[in-house]
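These are my notebook entries on a structure that I looked up for the first time. I record what I checked, entry by entry.

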Amino acid sequence: PSAVSVSAVLPAGGSGERLGGATPKQFCAVQGRPLVSYAVRAMERVSWISNIIVVVSPENIGTMKTIIEKYGHKRVMVVEGGITRHRSIFNGLKVFAEKEFSSHLLQKPEVVIIHDAVRPFVEEDILSKVVMAAREHGAAGAIRPLVSTVIASAADGCLDHSLERARYRASEMPQAFLFDTIYEAYQQCTDYDLDYGTECLHLALKYCKTNAKLVEGTADLWKVTYKRDLYAVESIIKDNLSQEVCVIINVKESVTQVGFLLPESLKSQIKVEAVSISQSKNDSHLRNIFSGQCYNFVCVNDKKCAIQETQKLVDMLEKSDIPLLYPVVLISVHLDISESNSLSIGMEELTSIKKFARETKKKNILVYGVLIQYK
């Protein structure tokens, strides 16, 4: 997709009536962060998506702009939505095509992704698949097998008929379109479509005769609809945070085997990636690790100035933008190989480490220190 011009439109104007409560679901906090921020970040992590348009209701424009500023989102524009889903998406598309709608007309993309702001777990792989399919077929969308059988009721409230579940699929997000195709469809569609329709793929078929390519999606593309879904989102986030740890071993050859005892003992509990490096010589290797989705790091070293090595890691983590989405845990393990029986760390150094940890916590990086005496 990097060879294709791609932008994304995220409708986020819903009132969240089914969720209950005064706050629309897209602005509800999950682990202290608004749900919409997770969806924006999922798009933002994909380098080949040029612009992210978030469409919100007029009364929530200020809230959305505050979220963008607070969490440092880049390449994001906030657009005022319409009274229905389709009118909101149409407004999001207009910033690429109508000068009257936006003071800053964005460059028109070849392909546009449409994705709900309340579907936070979209990965680059499925985004890539729908974009490439849309480029070839004009439109594409993620689908999932139906969980329940769909039935139709008669006027008297009794069963009329049911559909054969194996023949049907649930339409999910993300969806992608050649920009000209979906924009032309919206320009042609009726007020009835704009007010009562929900399916973008249907508009492309009805008005542009474009048969969408259907792409099998993953189980985590579901949409937050009810309050219980927010608890499910929180559970998934916590689970993801504990899936993997990267152990960085930066010690002399004579004690390297001690450093490797840690990842070996951890492997039965968690997925471990162990890296034996000199940080100053292998920054690029570390950057590759940081570009992944690992949020737990253990750095094993035997240097007197352990805090300086930890500072290097913190700086690299900050540049990677990983802490913008999830809290990062960084455990600095210092191997003391001196012959002395007394601890090699003094009160002054201990105080500076605590101060350092307090500062990094503000950046969403949680630093812990472990001192191991080894003879």
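Entry one, a buried helix. I listed the buried residues of α3 as His 86, Ser 88, Ile 89, Phe 90, Asn 91, Gly 92, Leu 93 and Lys 94. Buried means under 20% relative accessible area, exposed over 50%, and partly exposed in between, with a 1.4 Å probe and protein chains only. Eight of the ten residues of α3 (residues 85-94) are buried, so this helix is largely enclosed by the rest of the structure. Helices (H or I, at least four residues) and strands (E, at least two) are DSSP runs numbered from the N terminus.

Entry two, the source. I noted that the model is predicted, that local features need pLDDT of at least 70 and side-chain atom pairs pLDDT 80 or more, and that totals for chains, interfaces and linings use all residues. Residues are numbered from 1 along each chain as its sequence is written, and side-chain values use heavy atoms, without hydrogens and water.

A nonpolar core is a set of buried Ala, Val, Leu, Ile, Met, Phe, Trp, Tyr and Cys residues joined through side-chain atoms within 4.5 Å. I found 39 residues in the largest one, where Val 36, Met 43, Ile 49, Val 54, Met 64 and Ile 113 have the most contacts. Among the elements that give two or more residues to this core are β1 (6-11), α1 (35-44) and β4 (49-56). Helix α4 gives the most, with six residues. I then followed Met 64: leaving aside neighbours within four places in sequence, Met 64 is in contact (heavy atoms within 4.5 Å) with Phe 27, Val 36, Val 40, Val 54, Val 56 and Val 78. Apart from this core lies another, of 29 residues, including Ile 53, Tyr 183, Cys 200 and Ala 204.

Entry four, a helix pair. I read an angle of about 80 degrees between α5 (residues 179-188) and α7 (residues 200-208), with axes 9 Å apart. The two helices are therefore roughly perpendicular, a class that covers 65 to 115 degrees. Their contact includes Thr 181 and Tyr 186 of α5 and Leu 203 and Tyr 207 of α7.

Entry five, a sheet. I traced five strands in an open parallel sheet, ordered β13-β12-β14-β15-β16. Strands pair if DSSP finds at least two bridges between them. Strands β13 (271-276) and β16 (365-373) stand at the edges with a single partner each, so one side of each has no neighbour in the sheet. Five bridges join β12 (residues 244-250) to β14 (residues 296-301); Cys 246 has Phe 297 of β14 as its bridge partner.

Terms used. Axes are lines fitted to C-alpha atoms, for helices over the stretch in contact, and angles run from 0 to 180 degrees between N-to-C directions. Angles under 35 degrees count as roughly parallel, over 145 as roughly antiparallel, 65 to 115 as roughly perpendicular and the rest as oblique.
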